[in-house]
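Please find below my notes on the model.

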Amino acid sequence: MKLPFGRWGLGCAQLGNLFTAIEDDVAAATVAAAWDTGVRYFDTAPHYGLGLSERRLGAALRARPRHEYTVSTKVGRLLVPTPDSGGARDSEGFDVPATHQRVWDFSADGVRRSLSDSLRRLSLDRIDLALIHDPEGHQETALRCAYPVLHDLRRQGVVRAIGVGSKRVDVLHRFATQTDVDAVMVAGRYTLLEQPALDALLPECWRKGIAVINVGVFNSGLLAVDRPHDGLHYEYGTAPSTVMKKARAIAEVCARHGTSLPAAALAFAAAHPAVATVVVGVQSPDQVERNAALFAAPSPPADLWAELVTAGLLRADAPLPQPSGAR
């Protein structure tokens, strides 16, 4: 099934206080700003803030016409209450109280329970796209148990489409070749900084008509600024010196050609024909508006891409953004 993703969607990990806490009203205003710019695809997960992202997203969308937007959430981590947390904070990158613990569960019952819990937190009667979340350490169970139950729920109409999300291209390629998924969510593996998904995954998805949802296209923040600097996240941690050096070199080429690193990163991330949409996470209305302006801007000049290829900063076989007005 082809879902109406739109050119870009809102990644909602930040609504779960990823790295930094935001207030409820800021979360609501962020979703409203995305809606006002035309965004109609919203991606969330139980993992994001121990359910906080789903609750905030559901509240922000409650007054919107249900047929006008697409929501994806994920299965694979159940949230189990921890009443004796003693005031501890979450240890997996989200600034929230550790009121629950995440329990890996790719069983059929676990998938059904996860979706039921997500529907309750989102206050929705259906999920448009259900994604198997980070199954790299549980591939056999995910293929043998989680995928079949999602396939059955899709047949029943409980979910409209199914897929898998991971930062491991080999895992995504396995699902693309061995299952009948509608979508794969590629996390940080097809960006201006690195393109391992280009070898086998994206061609296979293009051949089979599997929608590629490209996420993490700023590599956790490293490509989100004009001039990368120390302290930015890469892969949710500190950027290695070699990675930082490459990001800065790409930024310098962008500046020479009158564009910015974030503009080039977004344009490149959307250019492969298999990519159905690019999902970007933000934590404020200002960031929404900045990204919307970048998506609406003319494509960076062809000379930029040529210099990146010549300098060894970009693969020569990567599909490039077409100049504005090109067909």
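**Notes on the model**

1. The volume of the largest pocket is about 1,200 Å³. A pocket here is an open set of points on a 1 Å grid over the protein atoms alone, with protein on both sides within 12 Å along at least five of seven lines. Grid points are joined across faces, edges and corners, and a volume is the space filled by probe spheres set on the points.

2. This is a predicted model, in which local features need pLDDT of at least 70 and side-chain atom pairs count only at pLDDT 80 or more, while totals for chains, interfaces and linings use all residues. Residues are numbered from 1 along each chain as its sequence is written, and side-chain values use heavy atoms, with hydrogens and water left out.

3. The lining of the largest pocket comprises 46 residues, and Q14, L18, F19, S220 and Y236 lie nearest its centre. Elements giving two or more residues to this lining are β7 (159-166), β8 (183-187), β12 (275-281) and α9 (285-296). A lining residue has an atom within 4 Å of a point. Helices (H or I, at least four residues) and strands (E, at least two) are DSSP runs, numbered from the N terminus. By class, the pocket lining divides into 18 nonpolar, 18 polar and ten charged residues. Nonpolar covers Ala, Val, Leu, Ile, Met, Phe, Trp, Tyr, Cys and Pro, charged covers Asp, Glu, Lys and Arg, and the others, Gly among them, are polar.

4. Eight strands form a closed barrel in the order β1-β2-β3-β6-β7-β8-β9-β12, with parallel pairing. From one strand to the next the twist averages 25°; axes are lines fitted to C-alpha atoms, and angles run from 0 to 180 degrees between N-to-C directions. Two strands pair if DSSP finds at least two bridges between them.

5. Strand β2 (residues 41-43) runs parallel to β3 (residues 70-75), and three bridges join them. In this pairing, F42 stands opposite V71 and D43 stands opposite S72. On the β6 side, β3 is joined by four bridges, again in parallel, and V75 has I132 as its bridge partner in β6. Six parallel bridges then link β6 to β7, where L129 stands opposite A161.

6. A cavity is a set of points where a 1.4 Å probe fits but cannot get out. The largest cavity has a volume of about 30 Å³. L115, L119, R126, I127, V158 and V159 line the largest cavity, giving five nonpolar, no polar and one charged residues.

7. The structure holds zero disulfides, a disulfide being a pair of cysteine sulfur atoms within 2.5 Å. C12 counts as buried because its relative accessibility is 1%. C145, at 23% relative accessibility, counts as partly exposed.

Definitions and conventions. Buried < 20%, exposed > 50% of the residue type's maximum accessible area, 1.4 Å probe, protein only.
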